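Work through the exercises below with the model in view. Try each task before you read its solution.

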Amino acid sequence: MDGEIREARALAEKRLGFEIPDEVAEEVLQYADRKRRLNNKPESYLPLLYENELRDHFMRLAITARGEMNRVRNLQKVPV
């Protein structure tokens with residue numbers, strides 16, 4: 001299973017175009033495993049779910065960053 005997990009991470013990194021920090025990868029792996037168990041999926045499902053959750057994690061970060069940039073751009077100028 002460890003080899004499949006490493007392959008899932010490598011595939012996510014290839015699709016994202018950058019290396020994922022170990023701390024983030026471990027956090028997402030724990031999240032994916034918990035999600036798998038809560039949904040009563042077999043352990044063999046974990047690599048597929050892990051790869052998907054890695055990509056989703058960074059997509060959510062990008063969406064949040066874009067939203068914050070828009071929020072800052074649209075702030076009304078307040079005299080100080």
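**Exercise 1.** Is Glu53 buried or exposed?

Solution. This is a predicted model: local features need pLDDT of at least 70, side-chain atom pairs count only at pLDDT 80 or more, and totals for chains, interfaces and linings use all residues. Residues are numbered from 1 along each chain as its sequence is written, and side-chain values use heavy atoms, with hydrogens and water left out.

Step 1: take the cut-offs. Buried means under 20% relative accessible area, exposed over 50%, and partly exposed in between (1.4 Å probe, protein chains only).
Step 2: read the value. Glu53 has a relative accessible area of 2%, so Glu53 is buried.

**Exercise 2.** Find where Glu53 lies and what it touches.

Solution. Step 1: Glu53 belongs to helix 3, residues 46-73. Helices are DSSP runs (H or I, at least four residues), numbered from the N terminus.
Step 1: list the contacts (heavy atoms within 4.5 Å). Leaving out residues up to four places away in sequence, Glu53 touches Val28, Tyr31, Ala32, Lys35 and Arg60.
Step 2: look for a polar contact, a pair of N or O atoms within 3.5 Å; within protein, one must be able to donate a hydrogen and the other to accept it, and residues adjacent in sequence count only if both atoms are side-chain atoms. The side chains of Glu53 and Lys35 make one, at 2.7 Å.

**Exercise 3.** Check the span of helix 3 and name what covers its buried residues.

Solution. Step 1: the expected span is 1.5 Å times one less than the number of residues. For the 28 residues of helix 3 this gives 40 Å, and the end C-alpha atoms are 40 Å apart, so the two agree.
Step 1: the buried residues of helix 3 include Leu46, Leu49, Tyr50, Glu53 and Phe58.
Step 2: their cover includes helix 1 (2-16) and helix 2.

**Exercise 4.** Which rings form an aromatic pair, and how are they set?

Solution. Step 1: rings of Phe, Tyr and Trp (its six-membered ring) pair if their centres lie within 6.5 Å; planes under 30 degrees apart count as stacked, over 60 as edge-to-face and the rest as tilted.
Step 1: searching the whole structure gives one aromatic pair. Phe18 and Phe58 form it, edge-to-face, 5.1 Å centre to centre with 80° between the planes.
Step 2: Phe18 is in the loop between helix 1 and helix 2, and Phe58 is in helix 3, 40 residues apart.
Step 3: Phe18 is partly exposed at 35% relative accessible area, whereas Phe58, at 16%, counts as buried.

Technical notes: Helices (H or I, at least four residues) and strands (E, at least two) are DSSP runs, numbered from the N terminus.
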